[in-house]
Amino acid sequence: MNQALDRSRDFDHRGRAWYLDRAVTVFVFIGGTSAILFIGGIFVFIAREGLGFVFSEFDAGEFFGSIAWRPTSVLDATYGALALIVGTASITGLAMVVSIPFSLAAAIFIGEFARGRVRELLKVLVELLAAIPSVVWGFIGFSIMNSLIIDIFEVPIGLNVLNAGVILGLMAAPIMTTIAEDALKAVPDGYREAAEALGATRWQVIRKVVIPAAKNGLVAAVLLGVGRGFGETMVVLMASGHSINIPDSVFDSVRALTATIAAELGETAVGSDHFRALFTLGILLFLVTFAINLTADTIMRGIRRKGQRANP
Amino acid sequence: MRRSMSTLVSVLVIACGGNAGNNARAVIQNKGSDTLITVAQAWAEAYSTVDGQVAVAVSGGGSGTGISAMINGTVDIANSSRKMTEREIEAARANGNDPVEHLVGHDALAVYVHAENPVGQLTLQQLAGIYGASGPLERWSQLDVTIPGCDSDEIVRVSRQNNSGTFAYFREAVLENEDFKLGSHDMHGSKDVVHLVAQTPCAIGYSGMAYAIPEVRMPCVMGSPGDACVTPSIESALDGSYPISRPLLMYTSGDPAGQVKAYLDWVLGETGQCIMLELGYTPAIPTQCVE
């Protein structure tokens, strides 16, 4: 009788452990769902400021068709973002030309050839490269690369697509290398062993078996690198020349979407047309990076499912 | 996220009072113009030895930032290198702030070229021809100038971001409110303009005279073709003979009182004005400073 009573009391007892358990559950739940909350919040915030412009003064023909970004003009304020879009695209494009070969080669070397100490050392170095703050890269672009490019290529100014693209490529490379290496690692060893058993050389194994099997992961790595390039601000602000221009060559200065927002938002009166136009640029950036990341994520998910099927 | 060596470092200068423990120290919030920031910081630092009970917190960000803060009522003193517009004053009044202007000095807006650039003099018309949207000047040879190390002959225009006070003043004084030609290199800070020009033989830029470094030259500027060509200097800014010199202003909300008034009086007094002169700016009134 007494025992039964005790047990039922124990059962009802909400002691420290119970509260701790609830607290941790709630905390983990909030942590897990906060990402959704934040992304939703950010989107609502940007949309609230930017969409007002989109639905009133916005002129799609001017925004996408004109290069005249003159938001503070005394005579006639114009909001042509074409040069900014082309600027961002050209820098990101060159950055990918620089970083894709480097990072894929680095991933193949680290993942397939390097062993032991060398491999560990390389991985640490690649991570270290990713840890360099972007303002440091930007400073290198502004104060060192500018003079170098002027001297070497005999061009009027060294703050241009080449400068920003090369630096951005170096910045995107570590991320691409890490993800591409993971993709190569995800290819089951059974594939390699089977190919070697058939008499394939190491190079043939990599080219004909490993790379095709890891193809989706490599594409995702490249896409995430593109996303990184698209969203980078500091480097493009300092190294691109910040000049409204449609480039003919890599030696022309350009101006990027992100850099324009960074340079102008701080000194713009809250709620003015200029302020809201900058948020419209923000919406554009948000949509593009969102699309890139979503595509990369979908591709990655595809591999994971396939990997599970191959390796039950 | 904002950049620039000079503006990102929005420095908070907190004066160290000698007997800070006894009374709560008053903090004067001072914000705005990038052109004025070095002198504003120097004032704040020196003032701590005058009145240990007052700390002046200085931050930069540009004239627009200071004026926005004045409109929103978040600063005691806003620094600006341009006058507030009617619209801005109205906006401030709507928020219950009544901006009062105080002239604290002048700044000659120097035209900078690379040290190897031999150009001797420039007229305002030529500057408008280089920078203005309808300006025909694209090459140095059009000005009969040949620069060693600038084989492309292209005039590389270095300008400021479109909401800086310096940008607005140049547009008003030189371009007569016409728009800038697209394709200029819009730097985010007075210092960056001078540094870029120093590294780039083909470049021309404009920025406050106080930012001059040995690697750049400042050609003299003529108001109109017949006029004398005047080199930017403290004297020529003070007597008004330099054609592109602008007032440096501090705004308070309403007539200053108490500690803000004491601070402004000190700034406009001999000590404050001499600090300004020492840093390469022109005082508001002729000042005799003992070295």
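Modeller: One term before we start: two residues are in contact if their C-beta atoms, placed from the backbone, lie within 7 Å. Also keep in mind that this is a predicted model.

Biologist: Okay. Which residues does Val197(B) touch, leaving out those up to four places away in sequence?
Modeller: Val197(B) touches Tyr112(B), Val113(B) and His114(B), along with Val158(B), Ala203(B), Gly205(B) and Val216(B), once residues up to four places away in sequence are left out.

Biologist: And how many residues are in the largest nonpolar core?
Modeller: That core has 153 residues. Val197(B) and Tyr112(B) are among those with the most contacts inside it, and so are Ile91(A), Ala180(A), Ala221(A), Val235(A) and Ala239(A).

Biologist: Which helix gives the most to this core?
Modeller: Helix H7 of chain A, residues 161–185, with 15 residues.

Biologist: What about the contact between the chains, how many residues does each one put in?
Modeller: Chain A puts in 33 residues and chain B 28 residues. On the chain B side, the elements that give two or more residues are helix H3 (63–72) and strand S7 (185–187).

Biologist: Switching to the overall build of chain B. How many helices and strands?
Modeller: Chain B has 10 helices and 12 strands. Its radius of gyration is 20 Å, close to the 19 Å that the globule rule gives for 291 residues, so chain B is as compact as a globular protein of that length. Along the principal axes, its C-alpha atoms fill a box of roughly 65 × 45 × 40 Å.

Biologist: How much of chain B counts as buried?
Modeller: 51% of its 291 residues. And of the contacts in chain B between residues at least 6 apart in sequence, 74% join residues at least 24 apart.

Biologist: Let's look at strand S3 of chain B. Which way do its residues point?
Modeller: S3(B) covers residues 77–80; Ile77(B) and Asn79(B) point one way, Ala78(B) and Ser80(B) the other, and all are buried. In a regular strand the side chains alternate between the two faces of the sheet.

Biologist: Which strands does S3(B) pair with?
Modeller: S1(B), residues 26–32, runs parallel to S3(B) with 3 bridges, and Lys31(B) stands opposite Ala78(B) there. S11(B), residues 245–253, pairs with S3(B) in the antiparallel sense over 4 bridges, with Ser80(B) opposite Leu249(B).

Biologist: Now chain A. What are its domains?
Modeller: The domain assignment gives domain 1 (2–56) and domain 2 (84–310). Their centres, taken over C-alpha atoms, are 35 Å apart. In chain A, 8 residues of domain 1 are in contact with 8 residues of domain 2. The domain 1 side of that contact divides into 5 nonpolar, 2 polar and 1 charged.

Biologist: Last one: what's the phi of Glu154(A)?
Modeller: It's near 50 degrees, a positive value in a residue other than glycine. Glu154(A) lies in the loop between helix H6 (134–153) and H7 of chain A.

Biologist: Is Glu154(A) buried or exposed?
Modeller: Exposed, because Glu154(A) has 12 C-beta neighbours inside 10 Å, and the cut-off for exposed is 12 or fewer.

Terms used: Residues numbered from 1 in each chain as written. Chains lettered and ligands numbered in written order. Predicted model: local features only at pLDDT ≥ 70, side-chain atom pairs only at ≥ 80, totals over all residues. Domains from an automatic or database assignment. Nonpolar A, V, L, I, M, F, W, Y, C, P; charged D, E, K, R; others polar. Core = buried A, V, L, I, M, F, W, Y, C linked by C-beta atoms within 7 Å. Buried ≥ 20, exposed ≤ 12 C-beta atoms within 10 Å, placed from the backbone. Rg over C-alpha atoms; globule rule 2.2 N^0.38 Å. Pairing = 2+ DSSP bridges.
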